[in-house]
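This report describes one protein chain for a reader new to structures. The sequence and the structure come first, and the notes follow.

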Amino acid sequence: MQFFVIIFKNLLGYDGLIIILALVNLFYILPRLKKYNAELEHSLQPTIYLPIEKIINSIRQNNNSELDLHLLRKLKEKETKCYHVFVSITTIFPLMGILGTIISLLRLVSFNSDTIMLNFTTALTSTFWGLVCAIIFKAIDGTVSPKIAFNDDNFNLLISRIDRYTSKGDDYETKNIS
């Protein structure tokens, strides 16, 4: 019973900070990241397979319904920013667990068995929560990062195609596609 009291007490202390950060990452950062990723993928997917002439004509005609490079760039920046925040928070979990362990062990002032037991249990719970959160979010990152990379590749391909077409002339891509 004392074990559960210690765990609950720790959740109200330093371990609570780890849990709050995990909840922010899970319910605030990750949904935004998925939203920006889906919007960017939805906008990029139809355009990268279009012939370059159609893309250039839609840019020249200012037809924003087909292709808006500024909107794509903003979505890519938002996606990248959210992803970096997500990865930074994920990376910090083990460090927070270690910091909680050190803080708990530094509170050891007397070496009687009750004090050692209490501080050691507190130290282990912060390490536990830090590692559990790191493992969970690293697994989530494994599913999100390929989507981010795919969008980056598609965006760079689109920009590269436009740059090559506009710098080499209209005939360049049709001659060099094959």
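## Contacts and overall build

Among contacts in the chain between residues at least 6 apart in sequence, 85% join residues at least 24 apart; a contact means heavy atoms within 4.5 Å. The model is predicted: local features need pLDDT of at least 70, side-chain atom pairs count only at pLDDT 80 or more, and totals for chains, interfaces and linings use all residues. Residues are numbered from 1 along each chain as its sequence is written, and side-chain values use heavy atoms, with hydrogens and water left out.

The chain has 6 helices and 0 strands, where helices (H or I, at least four residues) and strands (E, at least two) are DSSP runs, numbered from the N terminus.

## Burial

Of the 178 residues in the chain, 33% are buried. Buried means under 20% relative accessible area, exposed over 50%, and partly exposed in between (1.4 Å probe, protein chains only).

Lys-138 is found in helix α5, residues 113–168. Lys-138 counts as exposed because its relative accessible area is 54%. Between Lys-138 and Thr-90 there are 6.7 Å in space, C-alpha to C-alpha, although the two are 48 residues apart in sequence.

Lys-78 lies in helix α4. With a relative accessible area of 42%, Lys-78 is partly exposed.
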